[in-house]
Every structure is written in structure tokens, then in C-alpha cells.
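I wrote them while going through the model, one topic at a time.

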Amino acid sequence: MTQAFDFTAPDSYILNCSTLLTELPVLERAQAAKDAGFDRVEFWWPFDGNPRPTSAEVDEFIASLDAAGVELAGLNFWAGNMAGGDRGMVSLIGAEEDFAANVDIVVEIGRRTGCRAFNALYGLRTEGQDADGQDATAVANLSLAANAVAAIGGTVLVEPVSGAEAYPLKRYADAAEVVAAVRADGPDNVAVLADFFHMSVNGDDVAAVIEAEAANFGHIQIADAEGRGAPGTGSLPLRDWIDRAYALGYTGSIALEYKQDRATAFDWLTPAAQSA
């Protein structure tokens, strides 16, 4: 960083349009983000859990970004039925064909939008599936994804997640172990997504992880705890953690992945973001 991070400026952040602005249809969120002062957005997989949206659906999504004049800075791979409790498909034995098809669509979206960061939720431990087999499936799927997005200069991200007991990657070290396994398989364009909220809730010493690993973070997402609300609604020292991560060599962006109603979601930011 050539200057101090401006903690309360909307243009310092990527806005996650799958946790925020959810009162609106997906295709209206990019414009709402722009109206709130944000130039960069990220989405979970925006096609209602369908790994293979039609070309028309993809075109509509990209057109919503173009019309709003925002940059797509992050996109999740298909993660199953998130509303129904799924938390990713990369470790699910039997989902390989759908995941591979989804990778092709993700690459197309990345090529057309300039997006280069792609989050792959690991998936839940599943009854009837051997854990070692699931882990081997995950490495194969993540390697496939990393090789595919490498063609457009992309990076695959792997994150620890809270709130789902059967999700095996709960702390930074769990995700880092998976990243190391994928890199041992060949691709090097894979990194840990350091979600400070999930890490903290799951018992990580976030400050210690930052001291040891900040320069290796592939991406940072934030929300406050308890509650997963906006910065300042909980007790996490998010400003200090962000500043320290940059001081120790982190060179990426910060994404807002908290949950809060649209009417109050941006009250903590500068006035430019409060006019939405």
C-alpha cells in the first residue's frame, strides 16, 4: 500500500452483493452498490444454485454489471443449494461433472468481466462418503479449477467457514492445508481466503494468523462478531487487523461480507455511501 487504508471510504472495499442488498433481486444489486458508493462488487454464485445457467442468464448478469458501471472483483463457483444448507461442491463425490461444467462458465464470466478471484467453497462432510475420498475429490476439483482459471490470470480461493458443523475447514490452517495439497498437485494459483469473521468465530487467533501469514492471503473478507453485522456492531478490531495485514505484505483487497438491512448497512461509512 502506498498510503494508509481508508477504513470508512466505500471505494476502499469490494461489496459482497450476496450478503448485502439482498432485499433486491440479484440483477438490481450492482446498480444499488454503485448508488451506495461502491465501484467493485463480488457475488456468491448468482444463479439460484444452478451449476449450468443458460447463456441468456449469464448475459443478463454481466449486463447488470456493465449497466451499473461496477467491476466484478470476486465470484464464487457453484456451491450447491446454499439456502438449503449446502456449503460447496468441490469435495462432494458424484458432483464432479456438474462442477467441471460450472468451471467452464466461471472462466467465461471471468474472461468477459475481468474478474480474477474465484472462491470455491469446500463442501460438507456427507453421510456415506469417506472423508479421505472427499478430500481427494476436492484436490482434483480444485486443481481442475485452478488450471482452468490460470488461462485468464485467475486465482482459486479456499476459505474457512463458520456456522456449519459438517464443514471441515474451520480455521485458517485447515484451508492452508488444502491449498498446500492442491499446489503439490501442480497449480500454484490457489490461496486461502482469510475471512476474519469466520476465523474469529471458529476460535482462530486472527491476530496471530495475520502476523504469520498476511503476505500469503489471497483475499480478505470482513464482518463483525458477534452477529456478522457491519464493522462497529461487534467487538472485532477489524481496522487494526486490516492495517496490520497490509503492513505485513498483504496486497489484495478487502471485501465487505457482512449481513445487515439495506437501510442501515452503510451508516458506518462516509456520507458518500449513505445516500443510497
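**Conventions.** Helices (H or I, at least four residues) and strands (E, at least two) are DSSP runs, numbered from the N terminus. I am working with a predicted model, in which local features need pLDDT of at least 70 and side-chain atom pairs count only at pLDDT 80 or more, while totals for chains, interfaces and linings use all residues. Residues are numbered from 1 along each chain as its sequence is written, and side-chain values use heavy atoms, with hydrogens and water left out.

**Entry 1, α3 against α4.** Two packed helices are described by the angle between their axes and the distance between the axes. I take the axes as lines fitted to C-alpha atoms, for helices over the stretch in contact, with angles that run from 0 to 180 degrees between N-to-C directions. For α3 and helix α4 (residues 131-150) I noted an angle of about 20° and axes 10 Å apart. The two helices α3 and α4 are therefore roughly parallel to each other; on this scale, angles under 35 degrees count as roughly parallel, over 145 as roughly antiparallel, 65 to 115 as roughly perpendicular and the rest as oblique. I recorded the passage of α3 over α4 as a right-handed crossing, a crossing being left-handed if the near helix is turned anticlockwise from the far one by less than a right angle, and right-handed if clockwise. On the α3 side I listed E96, F99, A100, V103 and V107, which meet T137, N141, L144, A145, A148 and V149 in α4. Sorted by class, the residues of this contact of α3 with α4 are eight nonpolar, two polar and one charged, where Ala, Val, Leu, Ile, Met, Phe, Trp, Tyr, Cys and Pro count as nonpolar, Asp, Glu, Lys and Arg as charged, and the others, Gly among them, as polar.

Helix α2 (residues 55-68) and helix α3 (residues 96-113) have axes that come within 11 Å and cross at roughly 30°, which makes α2 roughly parallel to α3. I again recorded a right-handed crossing, here of α2 and α3. The residues V58, D59, I62 and L65 in α2 meet I105, E108, I109, R112 and T113 in α3, and by class I count five nonpolar, one polar and three charged residues in the contact of α2 with α3.

The crossing of α7 past α8 is right-handed. I listed V206, A207, I210 and E211 in α7 as meeting W241, R244 and A245 in α8; the contact of α7 with α8 has five nonpolar, no polar and two charged residues.

My search of the whole structure for aromatic pairs returned 17. Rings of Phe, Tyr and Trp (its six-membered ring) pair if their centres lie within 6.5 Å, and planes under 30 degrees apart count as stacked, over 60 as edge-to-face and the rest as tilted. The rings of F7 and Y13 are edge-to-face, because their centres are 6.5 Å apart and their planes are at 80°. F7 is buried at a relative accessible area of 9%, and Y13 is buried at 0%; buried means under 20% relative accessible area, exposed over 50%, partly exposed in between (1.4 Å probe, protein chains only). I noted a tilted pair of Y172 and F217, at 5.5 Å centre to centre and 55° between the planes. Since Y172 lies in helix α5 (residues 172-184) and F217 in the loop between α7 and β7 (219-222), that pair ties together parts that are 45 residues apart in sequence. Both Y172 and F217 are buried. One aromatic cluster includes F7, Y13, Y172, F217 and W241.

A255 lies in strand β8 (residues 254-256) and is buried, with a relative accessible area of 0%. Leaving out residues up to four places away in sequence, I found that A255 touches I14, E42, H219, I220, Q221 and I222.

The peptide bond from A225 to E226 is cis, with omega near 0°, and E226 sits in the loop between β7 and α8. R228 is in the loop between β7 and α8, and its phi is near 60°, a positive value in a residue other than glycine.

Definitions and conventions. Contact = heavy atoms within 4.5 Å.
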